[in-house]
Number of protein chains: 2
Amino acid sequence: MHSINLLDKLQQIAPDEFWQPKVIGDLNNYQIKLVRLQGEFVWHDHADTDELFLCVEGEFEMHYQDHIEAVRTGEMVVVPKGVAHKPVAHGPCSVLLIEPVGVVNTGATQSDLTAPQDVRI
Amino acid sequence: MHSINLLDKLQQIAPDEFWQPKVIGDLNNYQIKLVRLQGEFVWHDHADTDELFLCVEGEFEMHYQDHIEAVRTGEMVVVPKGVAHKPVAHGPCSVLLIEPVGVVNTGATQSDLTAPQDVRI
């Protein structure tokens with residue numbers, strides 16, 4: 001019920017901790033997360049769910065198999081379930097994620113970038 | 001899959017059209033909406049769902065029965081299901097809403113401010 005300031009919350013993620021989503025709130029059985037991006041993620045998809053990305057700071061690209069979508073501060077994109085995607089950030093970037101509880105950041109793709117669940121800030 | 005710029009989308013809502021949420025995207029069985037707020041809404045609750053408010057421009061207050069929460073640009077609040085609340089904006093304010101398909105803006109409260117569903121921009 002309390003206000004959550006996104007930029008204040010981001011201060012609780014180390015500036016160099018990338019691709020490790022942190023839960024900042026709950027919406028029914030969905031979680032609201034913040035994550036810092038930099039560099040190239042892994043190709044993956046989420047077979048059972050759409051995934052919302054809202055760019056809070058900086059900018060990144062959402063790579064799809066057939067095109068690349070730029071996502072700048074104040075822009076959002078919803079990746080439909082089952083659609084292969086790969087976020088790429090050429091500089092540091094901060095993103096709000098909304099997705100159901102239990103979504104693994106790398107989907108079914110095994111990767112060193114696979115992050116633990118339910119880390120809260 | 002395409003980027004949606006929140007401030008660009010807001011241009012499609014008349015500057016004096018308040019309390020009329022417009023759908024800008026879908027996340028599984030949830031909708032992402034934009035709405036302009038000004039003035040005082042009605043007390044209501046949503047018996048079956050939480051509701052996310054993210055302030056995109058300006059600021060507003062979320063009134064609860066026991067306190068008032070200020071929500072400024074870049075801040076979000078999740079109103080838990082069943083909790084009575086009343087948004088109040090002392091000036092024009094723009095908000096991103098996320099909630100399941102079918103949520104009526106005034107809950108079970110009958111009001112002139114009850115908005116139609118599924119108006120998309």
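Tutor: E4(A) and E7(A) pair in the antiparallel sense over four bridges. This is a predicted model, in which local features need pLDDT of at least 70 and side-chain atom pairs count only at pLDDT 80 or more, while totals for chains, interfaces and linings use all residues. Residues are numbered from 1 along each chain as its sequence is written, chains are lettered from A and ligands numbered from 1 in the order in which they are written, and side-chain values use heavy atoms, with hydrogens and water left out.

Student: Which strand of chain B does E7(A) join, and in what sense do the two run?

Tutor: E7(A) is joined by two bridges to strand E1 (residues 4-5) of chain B, and the two run antiparallel. A:Met76 is the residue that stands opposite B:Ile4 in E1(B).

Student: Why is E7(A) described as mostly covered?

Tutor: Buried means under 20% relative accessible area, exposed means over 50%, and partly exposed lies in between, all with a 1.4 Å probe and protein chains only. Five of the five residues of E7(A) are buried. A:Glu75, A:Val77 and A:Val79 point one way from the strand and A:Met76 and A:Val78 the other way, and all are buried.

Student: How do you know how much area chain A and chain B bury between them?

Tutor: Buried area is the accessible area (1.4 Å probe) that two parts lose on being put together, summed over both. For chain A and chain B this comes to about 2,800 Å², 58% of it on carbon and sulfur atoms. Counted by contact, which means heavy atoms within 4.5 Å, 33 residues of chain A meet 33 residues of chain B.

Student: What kinds of polar link are found across the interface of chain A and chain B?

Tutor: The rule finds 20 residue pairs in polar contact, both residues being at pLDDT 80 or more. A polar contact is a pair of N or O atoms within 3.5 Å; within protein, one must be able to donate a hydrogen and the other to accept it, and residues adjacent in sequence count only if both atoms are side-chain atoms. The count of salt bridges between chain A and chain B is zero.

Student: What makes A:Glu99 and A:Lys33 a salt bridge?

Tutor: A salt bridge is a side-chain nitrogen of Lys or Arg within 4 Å of a carboxyl oxygen of Asp or Glu. The closest N and O atoms of A:Glu99 and A:Lys33 are 2.8 Å apart, so the pair falls within the 4 Å of the definition. The pair links distant parts of the chain, with A:Glu99 in strand E8 of chain A and A:Lys33 in strand E3 of chain A, 66 residues apart, and both residues are buried.

Student: Which residue forms a salt bridge with A:Glu40?

Tutor: A:Glu40 forms a salt bridge with A:Lys86, their closest N and O atoms being 2.6 Å apart. Because A:Glu40 lies in strand E3 of chain A and A:Lys86 in strand E8 of chain A, the pair ties together parts that are 46 residues apart in sequence.

Student: Why are B:Lys33 and B:Glu99 called buried?

Tutor: B:Lys33 has 5% relative accessibility and therefore counts as buried, and B:Glu99, with a relative accessible area of 2%, is buried as well. Their side chains meet in a salt bridge (2.8 Å, N to O).

Student: Why does B:Gly102 count as partly exposed?

Tutor: B:Gly102 has 44% relative accessibility, which is why it counts as partly exposed. B:Gly102 is placed in the segment after strand E8 (85-100) of chain B, and it touches B:Gln31 and B:Gln117, not counting residues up to four places away in sequence.

Student: Is B:His44 buried or exposed, and where is B:His44 found?

Tutor: B:His44 counts as buried because its relative accessibility is 4%, and it is found in the loop between strand E3 (30-40) and strand E4 (51-57) of chain B. The side chain of B:His44 reaches the backbone oxygen of B:Val42 at 3.0 Å.

Conventions: Pairing = 2+ DSSP bridges.
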